[in-house]
Amino acid sequence: MRPTSLQEYIGQTHVVGPGAPLRRSLDAGQLHSLIFWGPPGVGKTTLARLVAQYVDARFISLSAVMSGVKDIRAAVEQASMYRARGLKTVLFIDEVHRFNKSQQDAFLPHVEDGTLLFIGATTENPSFELNNALLSRAQVYVLRSLDQDDILTVLQQAEQRLLAAGELPGEAEPEALARIALVADGDARRALNNYEFALQLAAGQVLTTEVVEALLTQPGRRFDKGGEAFYDQISAMHKSMRGSDPDAALYWLVRMLDGGCDPLYLARRIVRMASEDVGNADPRALGLCLNAWDTQERLGSPEGELALAQAVVYLACAPKSNAVYKAYNEVRALVASQPGYEVPIHLRNAPTQLMKELDYGAEYRYAHDEPGAFAAGENYFPVELKDARFYHPVARGLESKISQKLEHLQALNRQSPTPRYPYHESDQTD
């Protein structure tokens, strides 16, 4: 059912449509090494074959799952033979991200000297999975999931070929093909497989919607745990929550659960969101998210997943603050870049007589004995970092109250007649 020309190729018009980058290169006869990056079933292998056909090149295909350096060398020898006869060769490697560094390096010299043109296909982000040496020699093209209309066109194209070959009693009910296209989740291979299974189930009769519904009782979603789709979807859920869109956040949560994501992983990420993006603007959020995690562990699925949904919706609707998150990261960076400054003498504990004789804890002011339980002018930093500030509350939720209180306490510090260290406005670190 593969298309035999670029005109029959469905989708990816941004890459091979009229005037698109790869199409211009092909029309100009300037083919270069390529990497096709996209989800399963969007036509990476098919496009590689059509590219080779378009430039009249021999096509050698290897799978990184089953091939090694020995297979690469054999392919290079074959390409050298073709080259001696004046023929071009395209070496296509499917799942190229599964090759290790030495395997990826094995064919690079032969790409350099023109023995072969390399085309790789991967479902994973090339930036993380492929060597820089390989990336620098190949142009990456991103292939997108096919939409429902594209999938339907693929199915109709397959149906017409089968009708022309006399292998079908007639055209399927339109709704039957539309239903297969809908549940394919952008994957043409899955759609064609389901179409084939449905025809077998129809047993020589016209394919009906009832037959398709009987087959598609468990529609699957594309979700590779630990793969690109996994991180894309958790990122979408986090950003929807941060953007205060409870509907979108809930959608991505359910998409991940539907795809088989571990609910406890989602519970951990939701707790992280509570601290990172809501923080002290609404401190109740963290407790609610921990309770949702506990509920998931106690009840399991599907009952516990409702608590996760409650937490996600609460986070999306809560006032947002990343002030603690920013302050924490700023202090981490400072601690990593600065010496380990001494704890000031007045802040040290003195459990022994010797430590008391060394003035540990001397002149420490017990805050509860001070007016308002605040020791105005006291310093709790190492001397070198006096008056440093990292936490800047936002003017939202509870943090607006926290900000007012901190401003009041800082004013008391400035008014203190006997500050621990002289206070200078210019010394303050923002």
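Let's start with Tyr 380. Tyr 380 is partly exposed, at a relative accessible area of 45%. Here, buried means under 20% relative accessible area, exposed means over 50%, and partly exposed lies in between (1.4 Å probe, protein chains only). Tyr 380 sits in the loop between α19 (353-357) and α20 (398-415). Helices are DSSP runs of H or I with at least four residues, strands are E runs of at least two, and both are numbered from the N terminus.

A word on the source. This is a predicted model, where local features need pLDDT of at least 70 and side-chain atom pairs count only at pLDDT 80 or more, while totals for chains, interfaces and linings use all residues. Residues are numbered from 1 along each chain as its sequence is written, and side-chain values use heavy atoms, with hydrogens and water left out.

Is Pro 382 buried or exposed? Pro 382 counts as buried, at 16% relative accessibility. Glu 363 also lies in this loop, but it counts as exposed at 63%. Its phi is positive, about 65 degrees, although Glu 363 is not a glycine. Most residues other than glycine have a negative phi, and most peptide bonds are trans.

Gln 12 has a positive phi as well, near 55 degrees. Gln 12 is in the segment before α1 (13-16). It counts as buried, at 5% relative accessibility.

Next, helix pairs. Helix α16 (residues 284-299) and helix α17 (residues 303-317) have axes that come within 7 Å and cross at roughly 165 degrees. Axes are lines fitted to C-alpha atoms, for helices over the stretch in contact, with angles from 0 to 180 degrees between N-to-C directions. The two are therefore roughly antiparallel. Under 35 degrees is roughly parallel, over 145 roughly antiparallel, 65 to 115 roughly perpendicular, and the rest oblique.

The loop between α16 and α17 holds Pro 302. A cis peptide bond joins Ser 301 to Pro 302, with omega about 0 degrees.

Now α9 (residues 148-164) and α10 (residues 174-183). They pack at about 130 degrees, axes 8 Å apart. That makes α9 oblique to α10.

Last, salt bridges. How many does the structure hold? It holds 12. A salt bridge is a side-chain nitrogen of Lys or Arg within 4 Å of a carboxyl oxygen of Asp or Glu.

Arg 179 and Glu 213 form one, at 2.8 Å, N to O. Arg 179 is in helix α10 and Glu 213 in helix α12 (residues 209-215), so the pair ties together parts 34 residues apart in sequence. Glu 213 is partly exposed, at 35%.

Arg 284 pairs with Asp 282, the closest N and O atoms being 3.0 Å apart. Arg 284 is exposed at 61%, whereas Asp 282 is buried at 6%.

Arg 365 meets Glu 370 at 3.3 Å, N to O. Salt bridges that share partners also join Arg 242, Arg 272, Glu 276 and Asp 277 into one network.
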